[in-house]
Amino acid sequence: MAVKKAKTTPPKKPVFQLRSWHYLLLIIIPLAIYARTVSFGYVMHDDDKMILENPLVKEGINPVLAFTTDAWFMDARIELYRPWQSITYMMDYAIGQESATVYHVHNLIIFLIGAFLLYFFLHHYFKPLLAWAGAVLYSINLLTPHAVSWIAARGDLYLMVFGLLFLILVQQYLKKGTSKYLWFSIPAFFMALISKESAVALLPVAAIMIYVEKRKLSGSTTWMWLGINAIVFIIYYVLRGKAIADAGNMSVVAFFQNLRSFAEETLKMIIPVGFSVMPGYSLIWSLAGTVVLGVLGYFLWKYTPERRVLWTGAALWLALLLPSLAYQPSFAGVAYDYLDHRTWLPYAGLWLLILGMVDKIKFTSHKSAPVVFGALLVIWGAANIWRSGVYQDWEHYYSNAIETNPGSGLAN
């Protein structure tokens with residue numbers, strides 16, 4: 001009588017673990033591309049109003065002043081409220097006075113921290129190698145020169161840092177089930193708020209993350225956490241209302257006219273076209289971007305990422321940008337020129353969706369994956385080294401504005 005052999009299951013392949021050099025490269029690669037920014041000067045667009053021509057920033061580190069004035073340290077002259085940004089400018093002036101190097105070094109450091117935190121945010125959804133590759137490539141996507149090279153974009157850099165820190169702490173709560181991470185996230189939410197106004201959208205993004213992964217949004221801890229964050233926002237809103245000028249209007253016309261920025265910015269994020277420090281809408285880029293969004297939509301339908309990736313990515317991408325489309329500033333027309341630096345955090349949501357599709361088709365195990373990664377690294381890196389030079393001084397900056405968008409207010 002033959003004895004049946006017991007079936008043996010092959011051992012599972014060990015999960016790839018990052019080495020120390022991976023983490024170093026996560027800093028070294030974007031640093032190598034943007035290191036030249038530390039030698040840049042002022043472009044005389046907002047940085048002059050907030051630093052060079054502003055006597056208040058030179059009076060020492062004064063948090064009360066930062067919280068009671070607008071982003072230009074003025075008494076309700078403009079509509080922007082960025083207290084933490086104001087405090088960091090005070091800190092920079094205390095260190096280097098009017099030396100632009102100090103401000104650019106500060107921007108570069110915060111930019112690198114944001115790129116590093118992105119890895120941990122992505123690692124919640126993907127294996128280490130894909131999260132690492134995704135963080136490296138996103139740190140040099142074609143929209144990043146605007147965020148890291150322009151001193152006045154610091155609010156977006158800090159929004160990335162504190163926004164990701166807030167979401168990472170929510171992820172830790174979901175992963176470990178310990179409520180202390182929710183309480184730790186509250187200060188991060190407040191810091192994101194005082195870095196840039198759009199941070200208010202982080203709260204619904206976090207609520208969606210919790211609902212999707214826990215399949216419910218209930219329990220006294222969760223509701224208490226949401227309530228405390230709501231109180232934090234109310235306090236912030238009251239302070240903001242006393243410090244800024246009357247805001248512009250919300251307009252349905254502006255919303256639909258500005259919808260095309262999604263198409264154009266998506267195109268310019270991955271394809272080296274349409275670079276401008278003051279971009280205006282272009283029919284060509286809008287149509288081309290619509291095609292790109294259509295292709296992404298098709299692949300998103302065909303290779304749908306897991307539920308939590310899909311919902312989190314869509315919420316992060318859209319929630320931080322959609323409200324701004326309907327906003328009609330008091331200082332501009334209905335459809336205003338959009339600025340690409342604002343995409344640094346929101347477009348991490350779109351990138352999450354793209355990586356979700358990459359993960360779905362298991363592209364990282366394909367032999368062509370290193371070639372694609374290397375090609376994007378070279379093309380995007382080379383383009384961004386050149387592009388960041390537009391911010392080296394006011395002459396290059398304004399020349400670019402005049403050449404690329406002669407009808408813009410900046411060019412005029």
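Residues are numbered from 1 along each chain as its sequence is written, and side-chain values use heavy atoms, leaving out hydrogens and water. In this predicted model, local features need pLDDT of at least 70 and side-chain atom pairs count only at pLDDT 80 or more, while totals for chains, interfaces and linings use all residues.

**View 1. The nonpolar core and Phe166.** The largest nonpolar core holds 125 residues, and Phe121, Phe166, Leu202 and Trp225 have the most contacts inside it. Helix 8 (residues 154–176) gives the largest share of this core, 14 residues. Such a core is a set of buried Ala, Val, Leu, Ile, Met, Phe, Trp, Tyr and Cys residues joined through side-chain atoms within 4.5 Å. Look around Phe166: beyond its neighbours within four places in sequence, Phe166 is in contact (heavy atoms within 4.5 Å) with partners including Ser185, Phe189, Leu202 and Trp225.

**View 2. Thr88 in helix 4.** Thr88 belongs to helix 4 (residues 83–96). Helices here are DSSP runs (H or I, at least four residues), numbered from the N terminus. Thr88 counts as buried because its relative accessibility is 0%; buried means under 20% relative accessible area, exposed over 50%, and partly exposed in between (1.4 Å probe, protein chains only). Setting aside neighbours within four places in sequence, Thr88 is in contact with His106, Arg154 and Tyr158.

**View 3. Thr222 in helix 11.** Here you can find Thr222 in helix 11 (residues 220–243). Its relative accessibility is 2%, so Thr222 counts as buried. Not counting residues up to four places away in sequence, Thr222 touches Tyr173 and Leu217.

**View 4. Helix 18 and its cover.** The 20 residues of helix 18 (residues 369–388) should span 28 Å at 1.5 Å a residue, and the end C-alpha atoms are 28 Å apart, which agrees. The expected span is 1.5 Å times one less than the number of residues. Among the buried residues of helix 18 are Phe373, Trp380 and Arg387. Their cover includes helix 1 (20–34), helix 6 (128–138) and helix 17 (347–360).

View 5. Val291, Val295, Tyr298, Phe299 and Trp301 make a nonpolar surface patch of about 540 Å². Patch residues have over 30% relative accessible area and no salt bridge, with nonpolar side chains (Val, Leu, Ile, Met, Phe, Trp, Tyr) joined within 5 Å and like charges within 9 Å. A salt bridge is a side-chain nitrogen of Lys or Arg within 4 Å of a carboxyl oxygen of Asp or Glu. Val295 lies in helix 14 (residues 283–302), and with 41% relative accessibility Val295 counts as partly exposed.

Terms used: Accessible areas come from the Shrake-Rupley method with a 1.4 Å probe; for residues, only the protein chains shown count as cover. Helices (H or I, at least four residues) and strands (E, at least two) are DSSP runs, numbered from the N terminus.
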